[in-house]
Every structure is written in structure tokens, then in C-alpha cells.
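Here is a short briefing on one protein model. Please read it alongside the sequence and the coordinates.

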Amino acid sequence: MDIRERTLEIIKRLKKEYPESKIALNYKTSFELLVATILSAQTTDVHVNRVTEKLFKKYKSIGDYAHVPLDTLRKDIGSINFYNNKAKNIRASAAMIIEKFNSNVPQSMEELTSLPGVARKTANIILSNAYGINEGIAVDTHVKRVSYRLGLTENEDPVKIEKDLMAITPGEERGNLSHLLIFHGRKICQAKKPKHSECVLYDLCPSRDI
Ligand code: SF4
């Protein structure tokens, strides 16, 4: 089995194991997804969802975020890591979307990454989940660890990992792969104690004896 066939088999098995796999952040609009994704850096999705439950009730439009005093927004997301920078980035992104993109969250990697606080990972999450565009693969800490253990990459830098994964994953599966590896990383292939004996990928994994 070559690496592409192995990747497809991994996706097939993980889809069966996690039929519910999808993004764990709650949102209703593409801008809410952008806000939630900015907030999620170095913070758990559960915590972000707790904060956005109130936030999304208070702020209804992109303009609400663009025009709120910075201090108010800071307080509203104050329990989140790096709330200061995140508040600045959310507010500045909202203003830029209104001004440059006619109040629509952009649908290209180049435009999305021109927004403050939006790097490639965030842009991939927006493109895939809000617009169904699988231009790249969002690489978070779980994707990084699990793909390395599975031998799908030998790199540790997220941009290089993304390139490696894109080379072996068909376009239509790129969004899925990210969600599936995240689910598997949370449940089975955990950072400290991977549960090899419970893993559906055991026979495919070069790290099963670590
Ligand atoms: S066999 Fe172990 S290291 Fe490999 S994917 Fe499964 S849990 Fe992770």
C-alpha cells in the first residue's frame, strides 16, 4: 500500500469511527465562524463556545463588532487567552470586511489572510466550513501530532505539514481529513498516552509501539 492508498484507508476508517466529525465551534454565519476561530487560538473549543453563546446574542452584525468600543469587546471576551489582541483583531477584521469586502467575509485564501489575526489555518477553516472550499488543510496541534505519528509527514512546521498532507489527500477529502484527525487525536491518539490498543488505525501506524 503506498502512502496515498494508506491515507485513503485512514480516512475511510476514521469516517466510519467518527461519522459525526465536524468542526466543534458553534456559529451561524461566516463572520461568527471567523470570530470563533480567532478566539480559539490557544483556547479549547468548549471554552470558546461558552463565550460565544453570549457574544453572538449581543453582537448581531459585522457592524456591531466594528463599532463597539475596544474596551467593551475586551471585557466581553476577557476569559479567553490573549483577549486583548484577539479583541483588536476581531474589531479590525470587522472594519476591513465592511470597508474592503462589501460586508462579506472573503472567499479566497489571499483575501482572508489579509485580515488582521487571520493566518493560513484560520483561513482554511473558514473556506472549508463556511464555503465548502477545500483549498488547503487546517493543521492544528492534533493534526500535527497524529499525522506525524501516522507517518503522513516528517515535518513539524504546520505549513510544511499542510503541503505534505495536500500532496496525498484528494481535494474533496481535505476538509474531512482535518476534522477526522482532530477527533482521533482527542479521543484515541492523545498527546501523552495514545491508546494504541483501541485504535482502528493500529495496523496502518508506524508509531503503534511508542
Ligand atoms: S496506533 Fe497509536 S500512535 Fe498510531 S494512530 Fe493509533 S493511537 Fe496514534
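Leu150 sits in the loop between helix H9 (141-149) and helix H10 (158-168). Helices here are DSSP runs of H or I with at least four residues, strands are runs of E with at least two, and both are numbered from the N terminus. This is a predicted model: local features need pLDDT of at least 70, side-chain atom pairs count only at pLDDT 80 or more, and totals for chains, interfaces and linings use all residues. Residues are numbered from 1 along each chain as its sequence is written.

**Leu150**
- Leu150 is buried, with 21 other C-beta atoms within 10 Å. (A residue is buried with 20 or more other C-beta atoms within 10 Å of its own, exposed with 12 or fewer, and partly exposed in between; C-beta atoms are placed from the backbone.)
- Neighbours within four places in sequence aside, Leu150 contacts Ile10, Leu201 and Cys205. (Contact means C-beta atoms, placed from the backbone, within 7 Å.)
- Leu150 and Ser207 lie 6.6 Å apart in space, C-alpha to C-alpha, yet 57 residues apart in sequence.

**Whole chain**
- The protein chain has 11 helices and zero strands.
- Of its 210 residues, 38% count as buried.
- The C-alpha trace spans about 55 × 30 × 30 Å along its principal axes.
- Among contacts between residues at least 6 apart in sequence, 57% join residues at least 24 apart.

**H2 against H6**
- Helix H2 (residues 30-39) packs on helix H6 (residues 83-100) at about 160°, with axes 10 Å apart. (Axes are lines fitted to C-alpha atoms, for helices over the stretch in contact; angles run from 0 to 180 degrees between N-to-C directions.)
- H2 and H6 are therefore roughly antiparallel. (Angles over 145 degrees count as roughly antiparallel, under 35 as roughly parallel, 65 to 115 as roughly perpendicular and the rest as oblique.)
- Leu34, Val35, Ile38 and Leu39 in H2 meet Lys86, Asn89, Ile90 and Ser93 in H6.

**H2 against H3**
- H2 and helix H3 (residues 45-58) pack at an angle of about 140°, their axes 10 Å apart.
- That angle makes H2 oblique to H3.
- Glu32, Val35, Ala36 and Leu39 in H2 meet Val48, Val51, Thr52 and Phe56 in H3.

Note on methods
Two residues are in contact if their C-beta atoms, placed from the backbone, lie within 7 Å.
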